[in-house]
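Colleague: I would like to learn how to read a few features in a model like this one. Could we go through them together, one at a time?

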Amino acid sequence: MAGVLLARSSSRISSCSLSMSVRCLPSFSPSSPPPRPSRTASSPPPARHLADPRSTISHRALVRSSAAVSDRFESRFATMATRNSYESILATLPKAGGGEFGKYYSLPALTDARIDRLPYSIRILLESAIRNCDEFQVTAKDVEKILDWENTSHKQVEIPFKPARVLLQDFTGVPAVVDLACMRDAMKKLGSDPNKINPLVPVDLVIDHSVQVDVARSENAVQANMEFEFQRNKERFGFLKWGSHAFQNMLVVPPGSGIVHQVNLEYLGRVVFNTGGILYPDSVVGTDSHTTMIDGLGVAGWGVGGIEAEAVMLGQPMSMVLPRVVGFKLTGKLSNGVTATDLVLTVTQMLRKHGVVGKFVEFYGEGMSELSLADRATIANMSPEYGATMGFFPVDHVTLQYLKLTGRSDATVAMIESYLRANKMFVDYSQPQIDRVYSSYLELNLEHVEPCVSGPKRPHDRVPLKEMKADWRSCLDNKVGFKGFGVPKESQNKIAEFSFHGSAAQIKHGDVVIAAITSCTNTSNPSVMLGAALVAKKACELGLEVKPWIKTSLAPGSGVVTKYLEKSGLQKYLNQLGFNIVGYGCTTCIGNSGDLDASVSAAIAENDIVAAAVLSGNRNFEGRVHPLTRANYLASPPLVVAYALAGTVDIDFEKEPIGTSKDGKKVYFKDIWPTTEEIAEVVQSSVLPNMFKSTYEAITKGNPMWNQLSVPSSTEYAWDPTSTYIHEPPYFKDMRMSPPGPHPVKDAYCLLNFGDSITTDHISPAGAIPKDSPAAMYLMEHGVDPKDFNSYGSRRGNDEVMTRGTFANIRLVNKLLKGEVGPKTIHIPTGEKLSVFDAAVRYKSQGHDTIVLAGEEYGSGSSRDWAAKGPMLQGVKAVIAKSFERIHRSNLVGMGIVPLCFKPGEDAEILGLTGHERYTIHLPSNVSDIKPGQDVTVTTDNGKSFTCTVRFDTEVELAYYDHGGILHYVIRSLINTKK
């Protein structure tokens with residue numbers, strides 16, 4: 001089949017964060033279709049009259065039941081799992097002109113006054129629980145917990161949630177499909193049916209993370225970069241194409257189509273599903289943390305670990321702590337010249353300060369009418385940066401207008417509006433509003449937002465544009481840290497001379513070497529994209545130019561952007577400044593910025609220059625964007641163009657000129673900055689519905705390179721032992737049907753001792769593979785030339801590469817090295833300095849367990865499975881930190897690593913821990929004796945003793961730990977299932 005392969009059968013950072021895992025009960029068969037509720041109006045008595053399996057067996061016992069216990073209750077559960085406890089509220093949704101859209105579970109039919117006070121985001125959880133209430137996976141008690149959210153949300157109660165679909169990108173999608181293929185093999189080895197491993201919910205996978213900016217500032221850049229992309233990734237792409245054939249319900253969107261979250265927003269997002277005549281809200285979990293972008297469309301979505309997503313695909317409900325919801329009221333309107341990017345950076349800073357980790361944020365207020373859907377999506381996109389699970393915008397008239405703009409049919413939009421209105425999920429600001437209850441409240445007058453950037457190392461370190469020069473100067477002065485580079489005063493004005501293609505050039509601290517309009521955060525927003533084009537137009541007309549050694553690029557999130565830039569007549573001005581389109585993917589935002597010119601790289605490295613990148617992305621952690629750009633600033637697309645023209649971040653735009661015009665006059669920022677009205681006029685005339693329709697009709701046809709990939713038709717993958725891209729992982733080697741139980745951690749060595757804000761980029765980098773790294777050695781041993789190394793992200797289907805790439809970030813700061821920066825550690829028994837991988841291998845070969853010590857925000861950043869898989873394969877048994885990022889903590893649990901939190905006010909330094917000790921964690925040896933969130937004692941071989949909190953947050957997570965990980969648990973559960 002050519003084109004898209006469609007095989008459908010129909011901060012997050014806290015020591016007490018929202019926990020999500022997958023509730024997988026052993027007697028339900030995910031290989032059969034999920035139960036469909038009866039459509040009849042007459043129904044059995046309400047749920048409270050049905051037997052509750054938990055009344056005779058505790059949830060803890062049920063979840064951990066052996067096959068024998070499972071068999072004992074199976075016949076009882078089998079009858080329950082086929083009928084819905086809330087059939088009596090199943091209602092018909094009529095069409096205005098006659099007929100019906102379908103049936104739906106009516107919240108108003110509950111006649112419960114509490115519903116009107118619930119946040120809209122919680123109503124989505126409520127509807128899901130009601131629709132899936134079978135008194136087995138979801139019970140009436142779960143429904144009542146959600147209904148009583150006002151009283152239960154502060155009690156850390158656990159609820160199940162069944163998302164409507166799963167979203168993947170290729171960096172996380174490849175390891176997910178590898179895991180599914182490997183699980184099929186494990187099922188077969190254990191004597192069961194491998195085809196039980198099949199997605200039961202729609203899975204959308206968009207290939208967007210592989211394209212790199214190899215070629216820039218060229219009219220041929222798109223084609224050239226795609227050719228490089230296919231040369232490097234042909235094997236990976238073929239594997240994904242095989243997966244779309246081998247697994248049901250899986251859609252693969254080919255390379256060159258766009259960025260996953262923009263495609264989700266413009267095309268994949270349903271808002272309301274109609275499956276088999278049953279209507280229900282769209283909801284999605286994705287293996288990319290910025291899945292939250294869809295929240296701007298009124299679709300509940302957030303990022304999870306790939307291993308959790310795999311379990312959801314296999315029909316398992318997620319287990320999550322019922323979240324608190326922060327109400328964020330918006331008033332007023334943005335001032336002239338202020339962009340949505342300025343707004344989201346302001347919101348990010350406010351919410352980080354407020355503390356929204358593990359919570360939903362729901363936006364409301366009269367200011368909502370002043371925000372376009374694209375503006376809302378920009379704010380929702382950066383939920384991971386402000387720490388929330390979701391940044392939710394309920395559906396209103398603005399949403400409906402956007403759905404029509406993006407080519408959704410009138411009939412579809414009518415169905416969406418009718419359903420959401422009928423089920424109390426639509427906000428009509430023309431009607432009086434019933435006061436909803438929120439856990440806490442924030443308010444922002446949009447008029448107070450001012451132009452800004454964020455950096456140089458974290459997305460929430462906002463800097464007002466007018467203070468940028470002073471802030472930059474202080475960063476040079478400050479000691480090395482999030483806001484400091486520790487450059488001596490006498491070196492701050494150093495100028496490095498170099499030759500660029502035969503011409504004299506120079507570079508100094510703060511000079512921009514990368515300027516990238518990139519990332520779905522902003523490329524999905526026509527106002528900032530056309531705003532950038534207007535800046536380019538004004539600059540070109542004045543005769544301004546960008547220095548030729550600055551690597552400029554434009555990577556739209558969908559082909560729609562190209563269409564409206566061309567229609568507006570403005571793309572030519574971007575091209576003139578070097579912002580040629582380089583591809584349709586994430587590029588610079590995820591570190592796929594490509595090489596700098598060799599002369600520029602040498603000038604930076606040889607003179608220790610703090611070079612800068614300015615990008616319209618959402619992440620700017622050091623070492624992520626490019627190894628040689630220590631300063632990385634997030635900015636709106638128009639500001640990216642402005643900084644490229646200025647050539648430095650060491651500038652006061654209010655007082656200093658950006659450049660000199662062709663007639664010799666100084667040109668200032670205000671001379672090239674468009675007004676809000678100018679931008680609105682171009683948006684109105686250039687962004688048209690037929691652009692979306694034609695773009696997304698085209699992606700179903702694929703492209704020649706994708707269509708020419710041939711793949712085997714087998715449903716079980718034939719592993720190639722010589723492949724350096726796709727390798728059978730060892731997770732299920734020697735797996736048996738009996739769970740192994742808790743692994744004792746006794747006399748473990750400390751592999752690494754970290755401070756605060758260790759990100760998943762530090763733990764499992766996605767960018768270039770350094771030529772002197774253990775991963776490089778492995779690749780060269782297997783005949784791979786350094787020019788073909790590709791990136792760590794592209795090789796996530798090979799555990800051998802990724803285990804060697806774990807803790808391989810060149811900016812890693814390990815306290816055991818006493819100030820030295822790099823991917824090394826001390827092998828404690830010998831005192832030798834080794835690569836982290838080599839030290840881990842030595843510990844494992846000698847039979848020693850290891851642990852990791854860390855500070856606050858451990859695992860922040862992208863949701864990245866390999867940040868948990870890699871440490872597990874290196875032999876890490878526990879991580880002791882001050883706090884964890886939500887998804888990463890869940891991933892650690894999913895891979896069988898124990899997450900432990902120091903008690904408030906304590907950390908390794910305060911407790912006098914150096915990392916040279918040996919650690920014993922006194923966890924009970926029987927999992928039934930472990931309680932979620934209980935305290936445990938940790939002792940060291942030098943007599944120290946301290947108490948930690950075990951961050952198994954739900955009973956289900958304890959079951960995963962007992963089984964050795966979530967995937968092992970799912971396999972055993974599926975095998976124990978009888979049809």
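Colleague: Let's start with charged pairs. Which residue forms a salt bridge with Lys 882?

Modeller: Bear in mind that this is a predicted model. To read a salt bridge, look for a side-chain nitrogen of Lys or Arg within 4 Å of a carboxyl oxygen of Asp or Glu. Here the partner of Lys 882 is Asp 907, with 3.8 Å between the closest N and O atoms. Lys 882 sits in the loop between E33 and strand E34 (884–885), and Asp 907 in the loop between strand E35 (898–902) and strand E36 (918–921), so the contact ties together parts that are 25 residues apart in sequence.

Colleague: Is Asp 907 buried or exposed?

Modeller: The cut-off for buried is under 20% relative accessible area. Asp 907 has 17% relative accessibility, so it counts as buried. Lys 882, with a relative accessible area of 25%, is partly exposed.

Colleague: How many salt bridges does the structure hold?

Modeller: The count is 49. One of them joins the side chains of Asp 761 and Arg 624, at 2.8 Å from N to O. That pair links distant parts of the chain, 137 residues apart: Asp 761 belongs to helix H26 (residues 760–763), while Arg 624 is in the loop between strand E25 (612–615) and strand E26 (631–634). Asp 761 is buried, at a relative accessible area of 4%, and Arg 624 is buried too, at 6%.

Colleague: And what about Asp 511 and Lys 508?

Modeller: Their side chains meet in a salt bridge of 3.4 Å, N to O. Asp 511 counts as buried at 9% relative accessibility, whereas Lys 508, at 33%, counts as partly exposed. Salt bridges can also join up into a network, as they do for Asp 112, Arg 114, Glu 144 and Asp 148.

Colleague: Now for strands. Which strands pair with E32?

Modeller: Follow the bridges from strand to strand, and note the sense of each pairing. E32 pairs in the parallel sense with strand E29 (residues 745–753), over four bridges. With strand E33 (residues 876–881), the pairing of E32 is again parallel and spans four bridges.

Colleague: Are the faces of strand E32 covered or open?

Modeller: Check the residues of each face in turn. In E32 (residues 850–853), Thr 850 and Val 852 are buried on one side, and Ile 851 and Leu 853 are buried on the other, which leaves both faces covered.

Colleague: What unit do E32, helix H30 and E33 make?

Modeller: Trace the path from strand to helix to strand. These three elements make a right-handed β-α-β unit, with H30 spanning residues 866–874. Eight of the nine residues of H30 are buried, among them Trp 866, Lys 869, Pro 871 and Leu 873. Just after the helix, Gly 875 takes a positive phi of about 100°.

Colleague: Where else does a glycine take a positive phi?

Modeller: Look at the hairpin of E30 and E31, which has four residues between its strands: there Gly 831 has a positive phi near 80°. Strand E30 (residues 824–827) and strand E31 (residues 832–835) pair in the antiparallel sense over four bridges.

Terms used. Residues are numbered from 1 along each chain as its sequence is written. This is a predicted model: local features need pLDDT of at least 70, side-chain atom pairs count only at pLDDT 80 or more; totals for chains, interfaces and linings use all residues. Side-chain values use heavy atoms; hydrogens and water are left out. Buried means under 20% relative accessible area, exposed over 50%, partly exposed in between (1.4 Å probe, protein chains only). Helices (H or I, at least four residues) and strands (E, at least two) are DSSP runs, numbered from the N terminus. Two strands pair if DSSP finds at least two bridges between them. A crossover is right-handed if, with the strands pointing away from the viewer, the path from the first strand over the helix to the second runs clockwise.
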